[in-house]
Amino acid sequence: MENNRTELEFEKSRLEQTIALAKEQLDQARERNVENKSAIISAKKELRENTSHSIANLWSSEGFEALAALNQYANPITDKIADYEAVENKILLLEKMIQSPYFARIDFKFEDEDIFENIYIGRTSLKKDETNEFFIYDWRSPIASVFYRFVLGQVFYDAPGGRITGEVNLKRQYEISEGELEYYFDADVQIVDEFLRKLLSQNTSPKMKTIVETIQREQDIVIRDMENDLMMVQGVAGSGKTSIALHRAAYLMYQGLSSKLAADNILIISPNSLFEQYISNVLPELGEEHVVSVVFEDIIASVVKNEQVQSRNQFLENLISNTQYRDIIKSSMEFKTSRQFLEILDRFLDDLPHKWMNFEDICYDGECIISGEMIKDKVLSGINETPLGIRLKLIGEYILELISESKKTRLRKSEKILMNEEMLKFMELDLKDVYRKLFHDKEYFYSLAKDIELPGCMDQILTFTQENLDTNMLYYDDATVLTYLNLKIYGINKYKAIKQVVIDEAQDYYPLHFEIFHLLFSKAKFTILGDINQTLEKREDLSLYKQIRKIFNKKKSSLVTMDKSFRCTNEILNYGLRFLEQSTEIKSFNRKGDEPEIYTANDQISYHNMIVSEVKSCLKMGYQSIGLICKTEKKALFLYESLKDKADVQLIKSESITDLQGVFIIPVYMSKGLEFDAVLICDADAETYYSQDDKKLLYIACTRALHRLNLFCMGEASPLLNK
C-alpha cells in the first residue's frame with residue numbers, strides 16, 4: 001500500500017514537472033512570435049518605403065536591378081513568415097500537450113546496462129533544450145514501438161543505426177485530462193484489452209479519432225513499415241484501416257532527414273468528399289499538417305478538362321436505383337475497366353496516328369516547309385520511346401525552326417502563335433471525339449478486339465456507350481477511360497512531387513483505375529487498404545491484391561490481413577455476417593450489446609412514428625451520432641421530407657459536407673468508412689433489398705453501428721434478413 005502511494009506521488013510529481021516544462025516552452029514560443037510579428041510588420045513597412053522606386057522601374061531598362069532590390073527586401077519577410085507559422089504550430093502542440101502530455105510509459109534497460117530508464121510516450125516529443133533530455137518520446141520514435149509490440153521481458157527496436165536490444169520490466173498506461181492524472185495502471189495484455197474495451201464502449205465523436213493509445217501489434221507493423229514499396233491491407237469492417245493509413249502518413253512525415261516527407265509529398269485518395277471531412281482532423285491531432293486529399297473525380301477533372309463528369313456517387317445512385325438499366329450499367333463498367341478492354345485501348349492508341357490523324361503539308365508564305373508524309377514519318381518514328389502528345393509538341397517546335405531557317409530570320413511572337421494555331425488543326429486530338437468513333441464504328445471496334453474475349457452483351461455495351469457519348473454528360477465509366485487515354489498520350493506533371501500515395505476503399509476500384517494510379521504516381525510508394533466484403537456493384541476476392549501487385553510491379557510488396565473488428569458489438573457484427581456469401585473469419589473484440597431487432601409497420605404513418613420513436617430512444621441513451629441509412633439518395637430524400645417536421649434530422653446528399661454529430665439520413669454507399677453510435681436501416685423491406693448485391697449493401701449498413709442497430713420496414717421484411 002505504502003509503495004503504491006509512493007508510486008502515485010512519483011507519477012503526480014513527474015506530470016507536474018512535464019507540464020511546467022511545456023508551459024515554459026509555450027511562454028517562450030509566444031514571446032518569440034510576438035517578436036516575429038513585429039519584425040514582419042517592420043519588414044513590410046521597409047519594403048513599401050524602399051521599393052516603390054524599384055517597382056516603378058520593373059519594366060524599364062533598369063528592370064534587373066529593380067527586381068534584385070525587391071528580392072532583397074521580400075526574402076526576409078518570407079523567412080519570417082515561415083518561422084512565424086512554424087512557431088504557431090509549436091504553440092498549438094504545446095497547448096494540447098499541457099492538457100494531456102503522455103499516455104504510456106515503459107521502463108527500458110539497454111543490453112549491457114544495469115539501470116532501467118523511464119520512457120514516457122505521447123503524441124509529440126518534449127525535451128529540455130539545454131540538456132537535450134527527453135521528457136516525452138513521440139509515439140512514432142523507434143523506442144516507442146516497444147510499447148506496441150511487446151509484453152514484459154526481452155525486447156528490441158530498429159533505430160537508424162541498427163537494431164537495439166534490451167529488457168522491459170514495466171508497461172504503464174495513463175488517463176490524463178485537463179492536466180490532471182485521473183488514473184494509471186500497469187498493463188499486461190489483458191488489462192490493455194480492458195482499457196481498449198472501455199474506450200470502444202464510449203460514444204463516437206463527430207470526427208475520426210486518433211488511436212495512438214491503443215495501436216495493436218499488427219497495426220503498428222503496417223504503420224512503421226519502411227521496407228515495402230507497396231503495402232496492402234485487407235481489413236474487415238471496423239478493423240481500423242483508415243486510422244492506420246492516417247497514422248502511417250504521420251509516421252512517414254516524422255522519419256529522419258534522409259527519408260522525411262513533407263505534407264505535399266503524400267496524397268490520400270478518398271472515396272468521397274464527406275469521408276475527407278470525416279478524417280480531416282487526425283493528422284493535425286498527431287502534430288502534422290493535413291496532407292493533400294483528393295477523390296477520384298478530382299483526378300479526372302485535372303486530366304479531362306472542360307467536361308461535365310458524372311461523379312462516382314451519381315454513378316452508384318444510378319446503378320442501385322435504376323432497375324431498368326442496372327445490368328447494362330454494371331456490365332459496361334466492368335468491361336471498360338477490365339484487362340481485356342485495356343488491351344483494346346492500347347491497340348487503339350497504336351492505331352491513332354495511322355487511322356485518326358490527317359497529316360497535311362505545312363506551308364508558309366506560299367512555300368511548302370514540310371510535307372504531310374514527312375510529318376507522319378516523324379510522328380511514327382520512335383513511337384515506343386515518347387508518348388504521342390509529346391512527340392507532336394516536339395514536331396511542332398521542329399517545324400517552327402524549319403520556318404525560321406527558311407526565312408533566315410527568327411519568327412516574331414505573333415507569327416509563332418499563327419503557325420501554332422495552323423498546326424494544332426491537325427496535331428491536337430479531340431480525344432472524346434476519337435473515342436466516340438471507336439464505339440460508333442462497330443466493325444472497327446471488333447477488328448481491334450480480335451482474339452480478345454468479350455462479354456456476351458458486347459453489342460448492347462456499344463449501343464449504350466454511343467447513346468451516353470452523345471449527351472452533354474461524360475459518364476463515370478467513359479470519364480475513367482478518357483483519363484487513361486489522356487495520360488497515355490499527354491502525360492501529366494501535376495503530381496510529380498508525390499512520393500507516397502494512400503488509397504482507401506481499394507475494393508471499389510477496377511484494374512483500369514490502378515493503371516491510372518500507376519501512370520500518375522509511377523515513382524511513388526503505395527499504401528493500399530480495402531475490404532473485399534464491402535464492394536457495392538461487383539464481386540471481389542483476394543485475387544484483387546494479386547492484380548494490384550502485378551499492375552504496380554514494385555520491387556518489394558506485402559499484403560497484411562486484419563481480421564479483428566473493433567467497431568461493433570458482438571451482436572451487431574454477428575448479425576452483419578449473415579449477409580456475407582463466403583464464410584469470412586472475423587474476430588470480434590468481445591464487446592456485448594443488444595441484439596438487433598426488425599420492426600415492421602403496415603402503413604406509412606406507423607412506419608415513420610416507429611423511426612422517430614427509435615431516434616428519441618437513442619438520443620435519450622446519450623448517443624451523439626445516429627445514422628438513418630437508406631438504400632438510395634432518392635429514398636433518403638423521401639424519408640427526410642417525411643421526418644423533418646417530426647425530428648431534428650439532417651440529410652446527407654452527394655455533395656454535402658458536415659460534422660457527423662446529430663441525426664443523419666444517408667444513402668448506404670455514402671456511409672462507407674463512417675461509423676455511428678446507433679444505426680437505423682430504414683427501408684429493410686422485401687421490395688428494396690432482395691438481390692445478391694443487396695446483401696453487400698446490408699452488410700455495409702449494419703457494420704456502421706458501434707453500439708445499437710435496428711431495422712425498419714413498411715410491409716413485408718426483406719427475405720435477406722432471415723438467417
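The legends below describe close-up views of a predicted model. Local features are given where pLDDT is at least 70 and side-chain atom pairs only at pLDDT 80 or more, while totals for chains, interfaces and linings use all residues. Residues are numbered from 1 along each chain as its sequence is written, and side-chain values use heavy atoms, with hydrogens and water left out.

View 1. Strand 9 (residues 266–270) pairs with strand 10 in the parallel sense over four bridges; pairing requires at least two DSSP bridges between two strands. Within this pair, Ile-269 is opposite Val-294 of strand 10.

**View 2. Helix 20 against helix 21.** Helices are DSSP H or I runs of at least four residues, also numbered from the N terminus. Helix 20 (residues 511–520) packs on helix 21 (residues 543–552) at an angle of about 30 degrees, the axes being 10 Å apart. Axes are lines fitted to C-alpha atoms, for helices over the stretch in contact, and angles run from 0 to 180 degrees between N-to-C directions. The crossing is right-handed, that is, the near helix is turned clockwise from the far one by less than a right angle. Pro-511, Phe-514, Glu-515, Phe-517 and His-518 of helix 20 are in contact with Leu-544, Gln-547, Ile-548, Ile-551 and Phe-552 of helix 21, contact meaning heavy atoms within 4.5 Å. Seven of the contact residues are nonpolar, two polar and one charged; Ala, Val, Leu, Ile, Met, Phe, Trp, Tyr, Cys and Pro count as nonpolar, Asp, Glu, Lys and Arg as charged, and the others, Gly among them, as polar.

View 3. Glu-515 counts as buried at 13% relative accessibility, the cut-off being under 20% relative accessible area (1.4 Å probe, protein chains only). Leaving aside residues up to four places away in sequence, Glu-515 touches Arg-339, Leu-342, Tyr-484 and Ile-551. Phe-517 and Phe-521 touch the most other members of the largest nonpolar core, which has 172 residues. Such a core is a set of buried Ala, Val, Leu, Ile, Met, Phe, Trp, Tyr and Cys residues joined through side-chain atoms within 4.5 Å.

**View 4. The surroundings of helix 22.** Helix 22 (residues 570–577) is largely enclosed by the rest of the structure, because six of its eight residues are buried. These are Asn-570, Glu-571, Ile-572, Leu-573, Tyr-575 and Gly-576. They pack against strand 18 (564–565), strand 19 (587–588), strand 20 (597–601), helix 25 (692–702) and strand 25 (705–714).

**View 5. The hairpin of strands 5 and 6.** Strand 5 (residues 153–159) and strand 6 (residues 162–177) pair in the antiparallel sense over seven bridges. Two residues separate the strands in this hairpin, and Asp-158 is opposite Arg-163 of strand 6.

Note on methods:
Buried < 20%, exposed > 50% of the residue type's maximum accessible area, 1.4 Å probe, protein only.
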